[in-house]
Amino acid sequence: MTTTQLDAGSVGLSVLLGDDEETFGRAVDGPTTGPLAVIGSPFGGRETVLARAADRLDARHVRFDADTNADDAVDALAGGPVVVEGCHHLFTRTVGGFRPLSRFLDALAETETTAVTGWNRFAWSYLDAVRGIETVFPTHIEVGTLSGEDITEVVEANTTERPTFLRDETDESPLTVRRREVTVANRTVSVPVPALDRKAIVARRTEDLDPKTATFERLAAVSDGNPGAALAIWERCVDDEVRPTGIEAPDLDADLDREAAFCLRIVLSTERVDRGTLTDRIGPRTPRLLGQFARAGIVTSEDGTVRLQPAGVPSAVAMTERRGIL
């Protein structure tokens, strides 16, 4: 299934940036005061903000990827205003892996024209913790999350299907027993655990709302207000009919150990990464872990590249933060 792509024109800056829209305008339109950092979650609208910046500045729009070297990164800053997307690809979590980023930041500090840079939110958090990257940028803005009403507008602007919205049944008990795989003494075992039935809880919480409103409120909650994730989850879950409890993000059946969560965090913070690079960092478990993530719909792995999937972003965030991975 091909995931619906977010139309950059379907989401306004006021929706994506909120109170930071004015800061964005001053940084782009006013006198140059240093580089600007635009920070956002994968598929959350960061690309839209950068595209608007390029249009307003009539600037070159450069996109970095995992193959961008230090020389190319520095050269991208030459010759007038520039918008640079994908700056989180300039480092790897290995010995010597920060050299391209360091050279780029040194060159950025000396740039006299307007430079707008785009960063993955989770890579930025890591870099700020270990390198204090925030000090390099006089101004940085964050792409925010969208409300249920905003998500409704995004979905309707980017899709043509109009399903029938149905109300949920509320007779189910919110308590259930499920089996979970846990690792004990290096062995994986399946154990019964009491759990809350999420669908029953959703049905109870949304029973006073009309079905359409309840469905989009559920979509906003499940997607963490991320428009790209919301579109992908919508496509994944919605057919001719839809109920609020039918809206679910991909999820793993088993809890992740720390190594598995770290592997997923690398994919989350890069959005796409060379499979060989990931194997060098994680080790022999990599193929098994990637297979697990792919079966859950969180990543794809083909042609030597591992790519984060929009619908998998909320689960990837929740699972890696549950383990405290930076």
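## Ground rules and overall picture

A residue counts as buried when its relative accessible area is under 20% and as exposed when that value is over 50%, with partly exposed in between. That cut-off comes up again and again below, starting with the totals. This is a predicted model, and buried residues make up 47% of its 326 residues.

On the secondary structure side, the protein has 14 helices and 12 strands. Take the contacts between residues at least 6 apart in sequence: 71% of them join residues at least 24 apart. The protein exposes about 16,000 Å², and carbon and sulfur atoms supply 45% of that area.

## The five-stranded sheet

Reading across the open sheet, the 5 strands come in the order β2-β3-β4-β1-β5, with parallel pairing. The edges are β2 (60–63) and β5 (139–142), each of which pairs on one side only. From one strand to the next, the twist averages 20 degrees.

Further in, β3 (residues 82–85) and β4 (residues 115–120) run parallel and are joined by 3 bridges. Here Val84 sits opposite Thr117 of β4. Helix α5 (residues 99–110) packs on the sheet and touches both β3 and β4, with its direction at about 150 degrees to that of β4.

In β5, Thr139 and Ile141 make up the covered face, while His140 and Glu142 make up the uncovered one.

Gly97 is part of the loop between β3 and α5. Its relative accessible area is 8%, so Gly97 is buried. Setting aside residues up to four places away in sequence, Gly97 touches Leu90, Phe91 and Thr92.

In soluble globular proteins, nonpolar side chains tend to be buried together. The largest nonpolar core here has 37 residues, and the ones touching the most other members are Phe24, Val49 and Leu219.

Val49 is a handy place to look around. Leaving out neighbours within four places in sequence, Val49 contacts Leu13, Leu16, Leu17, Phe24, Val38, Ile141 and Val143. There is also a second, separate core of 27 residues, including Leu264, Ala296, Val299 and Leu308.

## Helix α10, mostly under cover

Helix α10 (residues 227–237) has 8 of its 11 residues buried, so the rest of the structure largely encloses it. The buried ones are Pro227, Gly228, Ala229, Ala230, Leu231, Ala232, Ile233 and Trp234. Among the elements covering them are α7 (148–158), β6 (164–165), α9 (211–222) and α14 (313–322).

Gly228 is itself one of the buried residues of the helix.

Terms used: Residues numbered from 1 in each chain as written. Predicted model: local features only at pLDDT ≥ 70, side-chain atom pairs only at ≥ 80, totals over all residues. Heavy atoms only, no water. Buried < 20%, exposed > 50% of the residue type's maximum accessible area, 1.4 Å probe, protein only. Helix = DSSP H or I, 4+ residues; strand = E, 2+ residues; numbered from the N terminus. Contact = heavy atoms within 4.5 Å. Areas by Shrake-Rupley, 256 points an atom, 1.4 Å probe, with all protein chains shown as cover. Pairing = 2+ DSSP bridges. Axes fitted to C-alpha atoms, helices over the stretch in contact; angles between N-to-C directions. Core = buried A, V, L, I, M, F, W, Y, C linked by side-chain atoms within 4.5 Å.
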